[in-house]
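Hi everyone, thanks for coming.

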6 protein chains.
Amino acid sequence: MKILLVNPNTTGAMTDSLSAVARAHTQPGTEIVTVTAERGVPYIANRVEAQIAGAQVLELVAANRDGVDAVIIGAFGDPGLPAARELFDIPVIGMAEAAMLTACMLGDRFSIVTFSVALKRWYLDCVAMYRLDGRCAGVRVPGAGFQSIAAVQHELEDDLVELANDAVANDDADSVLLAGAPLAGLAFRVAGRIPVPAVDPIAAAVRQAETLVGLGASQTLTGRAHRPPAKPTVGLDPNLADMIEHRDRPVGAR
Amino acid sequence: MKILLVNPNTTGAMTDSLSAVARAHTQPGTEIVTVTAERGVPYIANRVEAQIAGAQVLELVAANRDGVDAVIIGAFGDPGLPAARELFDIPVIGMAEAAMLTACMLGDRFSIVTFSVALKRWYLDCVAMYRLDGRCAGVRVPGAGFQSIAAVQHELEDDLVELANDAVANDDADSVLLAGAPLAGLAFRVAGRIPVPAVDPIAAAVRQAETLVGLGASQTLTGRAHRPPAKPTVGLDPNLADMIEHRDRPVGAR
Amino acid sequence: MKILLVNPNTTGAMTDSLSAVARAHTQPGTEIVTVTAERGVPYIANRVEAQIAGAQVLELVAANRDGVDAVIIGAFGDPGLPAARELFDIPVIGMAEAAMLTACMLGDRFSIVTFSVALKRWYLDCVAMYRLDGRCAGVRVPGAGFQSIAAVQHELEDDLVELANDAVANDDADSVLLAGAPLAGLAFRVAGRIPVPAVDPIAAAVRQAETLVGLGASQTLTGRAHRPPAKPTVGLDPNLADMIEHRDRPVGAR
Amino acid sequence: MKILLVNPNTTGAMTDSLSAVARAHTQPGTEIVTVTAERGVPYIANRVEAQIAGAQVLELVAANRDGVDAVIIGAFGDPGLPAARELFDIPVIGMAEAAMLTACMLGDRFSIVTFSVALKRWYLDCVAMYRLDGRCAGVRVPGAGFQSIAAVQHELEDDLVELANDAVANDDADSVLLAGAPLAGLAFRVAGRIPVPAVDPIAAAVRQAETLVGLGASQTLTGRAHRPPAKPTVGLDPNLADMIEHRDRPVGAR
Amino acid sequence: MKILLVNPNTTGAMTDSLSAVARAHTQPGTEIVTVTAERGVPYIANRVEAQIAGAQVLELVAANRDGVDAVIIGAFGDPGLPAARELFDIPVIGMAEAAMLTACMLGDRFSIVTFSVALKRWYLDCVAMYRLDGRCAGVRVPGAGFQSIAAVQHELEDDLVELANDAVANDDADSVLLAGAPLAGLAFRVAGRIPVPAVDPIAAAVRQAETLVGLGASQTLTGRAHRPPAKPTVGLDPNLADMIEHRDRPVGAR
Amino acid sequence: MKILLVNPNTTGAMTDSLSAVARAHTQPGTEIVTVTAERGVPYIANRVEAQIAGAQVLELVAANRDGVDAVIIGAFGDPGLPAARELFDIPVIGMAEAAMLTACMLGDRFSIVTFSVALKRWYLDCVAMYRLDGRCAGVRVPGAGFQSIAAVQHELEDDLVELANDAVANDDADSVLLAGAPLAGLAFRVAGRIPVPAVDPIAAAVRQAETLVGLGASQTLTGRAHRPPAKPTVGLDPNLADMIEHRDRPVGAR
């Protein structure tokens, strides 16, 4: 199976680290292909950036969907997820949603630990959108800042581990999500220092994408009631316009 | 005061009818200026189109914000509202939110009556986002189709009035929102045929925009905690990029 | 348009300060007339007093409704609001409800700041009754007491401003309601010292009353399903009895 | 123990039938004393009447509280309950609340069956106020009208039994409340024709009053945090004024 | 009437203390018979033990149901309650549920005070199962440990009283449940030291059992829709198997 | 990896069909071992049977846990899941929970389609326990009965497909769970006749078990805060007693 990992952040190095963790957790036979946003911000952190990035996600999937069995949106916060799930006939997975739902099988409540207070409200938007408020033990963020988004998971490693332990001790968390694309892989590295399961969102997303494809969802989404009817467009990205206008031209043929 | 009415639909005639109703309900001294999306779809009706339109809204406000005291997003469903409210230091009003909150002062529960089943889920997204599920008596849509979006409020007038009466009789509705930009003004025309207040969303939005400005909100939003810090961008619309990058260049000076 | 401002507190000076703020925020052509409760307590602060005051509100509106387009109940906590809204065929606005709903357009969550812990539970009753628990960031009250209800907004001004800042910094509030009739006007005076919009409840109530009348609600409430049928009464205030018994005698003609 | 049954309706015959059922379900040693409202309406059925009746309840309890161990408010809908519970240092029981909580011990969900559609919204207010929405399977009312409030439980007996059976069959109800003071005693008479427990609200209220007194609540309510402090009053009923002003004069000594 | 008090804990002394408090609160004519689990743990404290104990409860009731009018499950946490209520045609009362619902008549919110942190999550499961989250002000537990489960209510008396006072002062509790079978009777002993009603769960359970029987529930549960149909069993306790297989052999006749 | 599939029903043929579907959906390297309850009922369908079966599940896992990486409880309804998750240091998966959470990634709301009305309330208990009420579009059951539990998925195939289509058309379902162990494999067989993804619960459970093990949960559950401390037991199954008493004897060594 082929999974398209869309990084809506413009940072190519982030795509590389996400795909490295993703590939380490695929089943035999799963191929991960990636695409990185060319427009936008280096790291999406709020509603403004998520609004813009969500539209980008639609364009990137539309342009790269050939032969793809499932899509992963490579930003915790899942920009564009509801829209992409509505537009495309294949499973679309968000790192945040996949991590949260996976965590629900590990106990009553999960805690989200991330690296910047700027992300908190956007992450809570996700929790609310998925109606998981009753399962979330809160979002914890370090007081300290950091120098480099590329190195943040190393710079703040001790702080993040301490926050995870605080969440278990004080927030009654049964699992911890180490959230945000820049933390990809951290959960595996620090698992031994946290007394409950630490969920890695990109690894969870890969597994859930494989699960949905394995259950046959890629063949059965075409009849859903909420599939948008064809509509004319003006000035949109051509591939995205093709999707919205229900044109059958193959991707890239324009 | 100057209110910017952004129509994220690409249909100019819709901007005209919205602004006509809006202008009929302003206080003395209020000026309505309008802008219409140049890219997108003629009429936004689902999550896909709202995702794209929401990003457009940010660009259109960024480009037209000079001297503006408040912004109205001219599509019931409020594409881009949370992002715009986060990005700009002036009040941003959505037709859906304004109509719903206004209706809350007219009784326990409001009903939403609109002209196409395609809109239902998107509208319910709004209700949930504003956490007004407990105040909404449902969304009712006609079985019949229509020929022209421009004339839909006339074509389906009798059906919509009947649905409004059904909502009062069977759904325990205390007020009715006649929802969707193409229905602008209909509430006033059919008020005598509905036994409870019929709320016109664009008129409600204008009044609420004036209210927020009148209460001084345009001067006091600059210090809010969730104002995004400056961030570099790549390839975005220049005016929007200015906003995100916190550049002080006046609008249109690029 | 004529708006009746009912002060269910027995303190005439409070009526004066409420109406002064109200009049400063009306549109041209709006007239504010006032009436003050002759029976009751100087300042309503709990459920007991609200139960009594709510019945008073019905009497006062019944006696003073001639030519009135909308009613404002001049006590944050809105005593008698659901009953008055059921009984009378014109819009009835509460200071608490109007302020909360207005605040909902300024961000995700509002905080209520008031001057005495005695008010807290009653105010939370309001939040729950309007099903706005998910939008309220809490109620904050000063530890310090005060000498005079008439001067409380000056005595405690610094404390209240500090509480408002605490609500923003610690409770994630996007706006602050300076709540309680004795605080009328304070929001405008201290706006510069609070980093988010401070909502003045009486000003919000006036604007919302004008909005409902402007949208035509005063003409369309007569057909609502929950209008009580006529019923005999014994020993009630004559004007209120007239309303309940559906007698057509003009107000004051008895 | 002495229980004061306050009938906030002005119909003395209703007091008689309520107290007859009440007395049939007391324990040895329990005395029921009654008082009937002299002002108000013959039968309370909506928010307007409940607002007025609730204030009456406070006066009636204040005037008749000597030697009383607990109070029952004799109207399903519980007018004045939160206020009375705040003001008096003895347990105050509502027929609606007592019946609903009792029913919660008989299965997941109770249904409310009553005799007029006019009551429905007021009863649902109660369900919401007690936060029991998740336990209520709905309110069912007959289509047929009735001639006499005194005889309604006989006139509509077959309809009410059928509604109760419908609630079990279609609404998944585990118990049924036969609600409204005019239905006092009906639950016992028709128990054999309903396949689940039929709860009689006045009988439930008596038992719950005895339970609270038996558990010692009458001695332990004096220290509660939300007991209102003394406050001056103007023009109120003298006994009620005594309570609010914290005067120690015995009841009736004025 | 005859009430069967089932102690699902294996500690006989606990049965004795529970039944002593129970008997002190019965009405004339009520007989309490007891049975103690022979298998299980001395004191049930979590989901594992509650799962096992719940199955035991079914066996113990099945074996001892002859002539019984109602059943009380003698463990706060109510192991097996929903299953027992489904299986048996007589009222089944849990100490936790009875105490919580009783407390709901004493004010807006109750607090649960117990003696060990191990119990907290299980107790909150109960609150959620009964959908009373909105009425619960929290669970408070002492920091200190204890020597003997038999003496814990004496050992920790001062700590528990202090926690109850904390709950009133800081959690806005209107009543306090002194929860856990080992605390039976404590509420009565310390009532004078807590400013709000302290509810004793076993006493509340006895009163509620009497109430349900008094209202006739023991005769009317046979027709309920969710009564399980007969089903074959293998290897189960013979009395329980009889119940599930709908065999009519009298209890103990095997 | 080794997954223990516990069938708490006593029907061996059901174990065979569950394990056949399970094995068809494992990754390379995953081994499924099974155990079937020797005591209980042929097919668990309600709270009574789930209470008993849940205790059985604990015994069966305790006796068969050697070398096991994760456990699947092979009954939709997940008897014993919270207890097993508390007791054992490895992931425990329920068919109902796994299917519901998987379905959450396929759209807003899932519908549950099953073969008997007897199951409905138990299944809704699950939905509520996982706090997924807002994601569930309801439970649909056929009116028709069936001859044989072993053949029910063939007997009722057309009815079940029609119910699934009804759920999509009328309940706004985005996916359908074909629920109940006797329906194992049906989702794959009828996928082409249902316009949205049909989720097979046992296949979903296998995939989710593999996911949790793959994310490392089997190594990180030992430190969780809610792990029960050692406690003495009387008369329990020896392997279960070993677990509860924290004895280190290997399984089966007694």
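Let me start with a question: how far apart are the closest C-alpha atoms of chain A and chain E, which no contact joins? They lie 9 Å apart, and by contact I mean two residues whose C-beta atoms, placed from the backbone, lie within 7 Å. Chain A and chain C have no contact either, with their closest C-alpha atoms 9 Å apart.

Some housekeeping before I go on. What you're looking at is a predicted model, where local features need pLDDT of at least 70 and side-chain atom pairs count only at pLDDT 80 or more, while totals for chains, interfaces and linings use all residues. Residues are numbered from 1 along each chain as its sequence is written, and chains are lettered from A and ligands numbered from 1 in the order in which they are written.

So who does chain A touch? Chain F: 43 residues of chain A are in contact with 43 residues of chain F. On the chain A side, the elements giving two or more residues are α4 (95-104), β8 (198-199), α9 (201-214) and α10 (217-220); helices here are DSSP runs of H or I with at least four residues, strands are E runs of at least two, and numbering goes from the N terminus. α9(A) gives the most, with 7 residues.

Now the symmetry. Rotate by 180 degrees, with 0.0 Å of shift along the axis, and chain A superposes on chain F with an RMSD of 0.0 Å, fitting by least squares on C-alpha atoms of residues with pLDDT of at least 70 in both. That's the relation of a two-fold axis. L101(A) is the residue of chain A that comes closest to that axis, its C-alpha at 3.0 Å. And 100% of chain A's interface residues are also interface residues in chain F, so the copies meet through the same surface.

Over to chain B, and helix α5 (residues 120-129). W122(B), Y123(B), C126(B) and V127(B) are buried there, that is, 20 or more other C-beta atoms lie within 10 Å of their own. Looking down the axis of α5(B), the buried residues fall within an arc of 150 degrees, so they line one face of the helix; the arc is taken from the directions from the helix axis to the C-beta atoms. They pack against α2 (47-64), α4 (95-104), β5 (110-113) and β6 (136-140) of chain B. Just after the helix, R131(B) takes a positive phi of about 55 degrees.

Last stop: V57(B), in helix α2 of chain B. It has 31 C-beta neighbours inside 10 Å, so it counts as buried. Among the residues V57(B) touches, leaving out those up to four places away in sequence, are V6(B), P8(B) and I73(B).

Terms used. Buried ≥ 20, exposed ≤ 12 C-beta atoms within 10 Å, placed from the backbone.
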